[in-house]
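Here's a quick briefing to read with the structure open beside you. Take the topics one at a time and find each spot as you go.

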Amino acid sequence: MLKSKTFVKKTRSGGIMKIVREHYLRDDIWCGSEVCTECNQEESVLQKDACIESNLCSFPHYLLPDTNVVLSQIDILEDPLIKNVIILQTVLQEVRHRSAPIYKRLKDILHDKEKRFYTFTNEHHRETYIEREQGESANDRNDRAIRVSTKWYSDHLKNTPTDEGLKVVLLTNDRGNKEKAEESGLLTYRCEEYVKSLIANPELVDRLALTNDDKNEITSSKVMFPEHLPLSRIQSGIKSGTFQQGTFRASRDNYLEATVFVHREGDDSTEVLIQGLQNLNRAVHQDVVAVEILPLNQWVAPSSVVLQDEGPKEDDVTEEEEAELKRGPSGAESRKPTGRVVGIIKRNWRPFCGMLFLSQIKEATRHLFTPADRCIPRIRIETRQAATLAGQRIMVAIDGWPKHSRYPNGHFVRSLGSAGDKETETEVLLLEHDVPHQDFSQAVLSFLPKMPWNITEEDMAVREDLRNLTVCSVDPPGCTDIDDALHCRDLPNGNQEVGPCWTNTQFTTTFYLMDECLDEVGVHIADVSHFIRPGNTMDLEAANRGTTVYLTGRRIDMVPELLSSNLCSLRSNVERLAFSCIWEINDKAEIVKTRFTKSVINSKASLTYAEAQMRIDDTNMNDDTTKSLRGLNRLAKILKKQRIEKGALTLSSPEVRFHIDSETHDPIDLQTKELKETNSMVEEFMLLANISVAQKIYDEFSECALLRKHPAPPPSNYDILNKAAKSKDLVIHTDSAKALADSLDAAQVDGFPYFNTLLRILATRCMMQAVYFCSGMDSDFHHYGLASPIYTHFTSPIRRYSDIIVHRLLAVAIGADSTYPDLMDKHKQSALCNNLNYRHKMAQYAQRASVAFHTQLFFKSRGILNEEGFILFVRKNAIIVLIPKFGLEGTVFFENKDKPSPKLIFNEEAPSLTVEGHSFNMFDKVKVTISLDASNVQHQKIRMSLVEPVICGVSVAPSEPEPEAKRAKLDR
């Protein structure tokens, strides 16, 4: 049956266009039930025995939720208990338009065969399709469509062969929809009503999201916050300039303070300071909000105090807390634009990890949840299993934040495990940093090549055969995802034949006269793009993940392991597909010729940095691999010298390496990573390849090349570096990267060899974040840290999706592959870059959190240690100390609520802190005790206490060394 809808549309040129849309209706759409004998279905989804213990429904039944139930109660639908659910096409389409994250979760449920969720295409079924009536809203039409489909299902299944009669239960929280359904004789319940009727499932009740009625029940009558303005007023206010739109970022150290980043055209942005609970007005970290800038006389300076929400209080903030905000610089120069939140444009809520703060009231069901992320406010939830959840890491979702409530209301989602457990804490940090870490789906795995896999004759016909070259890889110990390999060989003088050379799918041979000795150097990168084709499920999954995430003792792969550790990994003595960048380079490390080719290689050795260094240093070794490494190392040193002369920065960041017990997987030793010449050797040629490829893809595709830039820091970023240098009577020039590099090279203090490293660590903190961008959407390509006019990422496609895109661009540029629309669309490339930047940033944060957690585990087993360190930063009431031995930073506080505070004098200009007459300056050497403070289970931290210099009433005695027997036992 064919329905058609005709309407007219005005075109841009002023003409009238008639549009006819055809809508096909069918009689042969299956109901999906096992009990049905009418539908000629090949495979049924909904079970015959659809029983679940319920006080309301003692008979077999299917559930049919409306759109709002799916949107608000997705946590309930995900529970393993809930099965045999009909999802109408009407509902699926509405959810898709209203919430992309929930739509994805719903699709995941539909793909899970164990859940027995069935999609019924009611919009194309002749008996369930309805037209929108005159004067009827789209929402009312959809509600009616849901009722019509429920009625059809009820009638369709009425004459089934089951003894007790199978029924369909409509779940809706819409009062009007429920009343109309009941008038039509349909079996209808509110979602909460149905869930609470389920027998012996208290956890499921806790997962109920609060409805508006529930929210009103648990809030006080006192209005705590101003009303949020409606979206229409916000939009007109933004248009007129009365309000500003920006991203709300809560302070981690002060729960009464936040900053809104207002983005304007180009890279211009403004920070608006928000102080006080009423001005924060229920905004949550990462929400998009509308702010009103306060008059100039109400502008304030950021508070310099740490203020944590200490737990349940009356529904207001004490005067003392508000007064604490005033403890900060009061000069006009330190004041910032200050505002207040007037409305929420977009909530960016997600399920939050944390722990339950149990109510002091006996048998209470309402408790406060404390998120692991200090940027998130406490959340009030209702649960009947508080005693069970105490000491557990749990997930909670926010349902809303009424103006009468000090805290937002939410509901329990699920338990993650015991706090402090290694697996639980790893799960928490992955969830908190939004790292996709679920197993790859069957849809993704279906695009993997069938095993056994071999390079075919067709592959060899379109690739250059480089298997005869002495190629080797150099990586960290234990590396299985080997992205890159290198080779270096001498080219003889005179009439040199270079070839065969791959150009535009043709092999060519070039002859020319040479008067100087040349080396051929090749960087060979795993050809991941051969296995991951554009647009398939595996490609979409890799694009979403963006990067491989390396945690301590665990790796979260971007692509399935068959590719990352096997077929794409350039392991030794196996033939692998590669994308090669090959240069001819003279003795001055000047590039004479560059070419790119798809290739086949056979690596002769997979070495660690230490093994490669040993080969280079051992004069008795003269095999082809060692000669290749020595040639690479010689050229790399010249390349690095040239980069530094151009202004490339050599910065420093303390990195640590854990030695993990093979049985318990606990850290048994912690030390800073030692870098060798071979680290620099590999880095130089990876940089050279990235720069060469960046120029090639930009020359070919000036509008859609995926590049990477590193913006120059604003002058204010260098304030702390300049103050630190000034304290040692040195001057750091920061007007260019070259000036900064030269200043850092010259910054030396007699008798203090570690000073220059400390200064470079500080300079690293001044830098901006490097980001991916699309060449057609930006004009500033410069990479500040590398002093390069153009740069990209080409060398790690196993672990970075950006490199896969660059491979595809380069393949099209040399005629080795075909293009596709998204690759040439600068807007889609730009959107992809935004996701890659976000994933890269979150991966870095997750990695740091993993290092911090394993550092805590290490010190938990070590007790109290005495170590020497250097002051990195000076604060009003504390010093931040770096321990070079462990690459560890910690804070020594001089104020303790358990004992009288010493006399403190803070000089912000120096900066310095005088404690009981003793002055502490940046880079001063101190001795501290290091231990684990586990008093707060959720926020365990490394505690440092001052040992030397000795200050009466402030310093502590050094800890006694552990007995050798105990230490040996720990180290086993």
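What follows is a short tour, from the whole chain down to single residues.

This is a predicted model, so keep in mind that everything here is computed. The protein chain has 972 residues, and 51% of them count as buried.

**The chain as a whole**

- Look at contacts between residues with a separation of 6 or more: 68% of these in the protein chain come from residues 24 or more positions apart.
- Which residues have the most contacts inside the largest nonpolar core? They are L563, W583, F685, L706, F794 and Y801, and this core has 86 residues.
- There is also a second, separate core of 54 residues, with C39, L46, L64 and V169 among its members.
- Let's zoom in on F794, one of the residues with the most contacts in the largest core. Setting aside its neighbours within four places in sequence, F794 is in contact with I525, F579, C581, A689, N690, V693, D803, V806, H807 and L810.

**Helices worth a look**

- Helix α5 covers residues 138-156, which is 19 residues. From its first C-alpha to its last, α5 reaches 27 Å, close to the 27 Å expected at 1.5 Å a residue.
- Several residues of α5 are buried, including R141, D143, R144, R147, W152 and Y153. N142, A145, I146, S149, T150 and H156 in this helix are buried too.
- Now find helix α19 (residues 609-617) and helix α21 (residues 677-700): their axes come within 8 Å and cross at roughly 100°. That angle falls between 65 and 115 degrees, so α19 counts as roughly perpendicular to α21.
- Which residues meet where α19 and α21 touch? On the α19 side they are Y609, A612, Q613 and I616, and on the α21 side E677, T678, N679, M681 and V682.
- Sorted by class, this contact has 5 nonpolar, 3 polar and 1 charged residues.

- Some background first: most residues other than glycine have a negative phi, and most peptide bonds are trans.
- The peptide bond from M451 to P452 is cis, with omega near 0°. P452 sits in the loop between α15 (442-445) and α16 (457-461).
- Another cis peptide bond joins A910 and P911, this one with omega at about -20°. You'll spot P911 in the loop between β36 (904-907) and β37 (912-915).
- N573 isn't a glycine, yet its phi is positive, near 65°. Its place is the loop between α18 (561-567) and β26 (575-586).
- Is N573 buried or exposed? N573 counts as exposed because its relative accessibility is 57%, and the cut-off for exposed is over 50%.
- A787 isn't a glycine either, and it has a positive phi of about 55°. Look for A787 in the loop between β32 (771-774) and α25 (801-813).
- A787 has 17% relative accessibility, so it counts as buried, since buried means under 20%.

**A buried strand residue**

- T929 belongs to strand β39, which runs over residues 925-933.
- With 7% relative accessibility, T929 counts as buried.
- What is T929 in contact with, leaving aside its neighbours within four places in sequence? The list is I864, L865, N866, R943, M944, S945, V947, V956, A957, P958 and S959.

Note on methods:
Residues numbered from 1 in each chain as written. Predicted model: local features only at pLDDT ≥ 70, side-chain atom pairs only at ≥ 80, totals over all residues. Heavy atoms only, no water. Axes fitted to C-alpha atoms, helices over the stretch in contact; angles between N-to-C directions. Helix = DSSP H or I, 4+ residues; strand = E, 2+ residues; numbered from the N terminus. Parallel < 35°, antiparallel > 145°, perpendicular 65-115°, else oblique. Contact = heavy atoms within 4.5 Å. Nonpolar A, V, L, I, M, F, W, Y, C, P; charged D, E, K, R; others polar. Expected span 1.5 Å × (residues − 1). Buried < 20%, exposed > 50% of the residue type's maximum accessible area, 1.4 Å probe, protein only. Core = buried A, V, L, I, M, F, W, Y, C linked by side-chain atoms within 4.5 Å.
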